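The sequence and model come first.

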Amino acid sequence: MAFLAHLTDASYSYWHFKRGFTVFGLFVLLLYWFLGTALVAWAGWPIPGSVVGLMGLWVTLVFYGRVPDWLKLPSNLLIRYLTLMFVPAGVGLIEHLGRLQSLGVEMFAIIAASTLITVVAMVIIFKLTGKKT
């Protein structure tokens, strides 16, 4: 029975426990994404379903009062590899190079303005809540 000895190892059990949390958390994130997409398709709203799903998740977490551990693990995993998710956006820019050339200045102005608004909003929120960075 030596091949079963690793089952009593604490790190092995913790790894399986952590992996179960990650799978369940990813399932919940995908469920909110799916529900948001379904709601947008049903209601005919002109916003992405993933945004509606994210807002639903945010509302749920506000009512819950904290981020549960089973959601922290997959969230940290996704944030760790977030830069890889910009690759499809970069490919899309290259694919629509003509549109970028014709509307580039307007797009740059919109991106710069929205970034500035986001930064100012975050500063105001941090000052109001007293959070230190």
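## Second largest pocket

The second largest pocket is lined by Leu-54, Leu-57, Trp-58, Leu-61, Val-62 and Val-67. A pocket here is an open set of points on a 1 Å grid over the protein atoms alone, where a 1.4 Å probe fits, with protein on both sides within 12 Å along at least five of seven lines; lining residues have an atom within 4 Å of a point. Its lining counts six nonpolar, no polar and no charged residues. The space in this pocket is about 170 Å³, a volume being the space filled by probe spheres set on the points.

The model is predicted: local features need pLDDT of at least 70 and side-chain atom pairs pLDDT 80 or more, while totals for chains, interfaces and linings use all residues. Residues are numbered from 1 along each chain, and side-chain values use heavy atoms, without hydrogens or water.

## Largest pocket

About 540 Å³ of space lies in the largest pocket. Of its 15 lining residues, Leu-29, Leu-54, Leu-57, Ser-75 and Leu-78 lie nearest the centre. Helix 1 (10-43), helix 2 (49-64) and helix 3 (69-80) each give two or more residues to this lining; helices are DSSP runs (H or I, at least four residues) numbered from the N terminus. Twelve lining residues are nonpolar, three polar and none charged.

## Helix 5

Helix 5 (residues 97-129) has a kink of about 75 degrees centred on Leu-103, the bend being the angle between axes fitted to the seven residues ending there and the seven starting there. Gly-130, with a positive phi near 75 degrees, follows helix 5.

Note on methods: Ala, Val, Leu, Ile, Met, Phe, Trp, Tyr, Cys and Pro count as nonpolar, Asp, Glu, Lys and Arg as charged, and the others, Gly among them, as polar.
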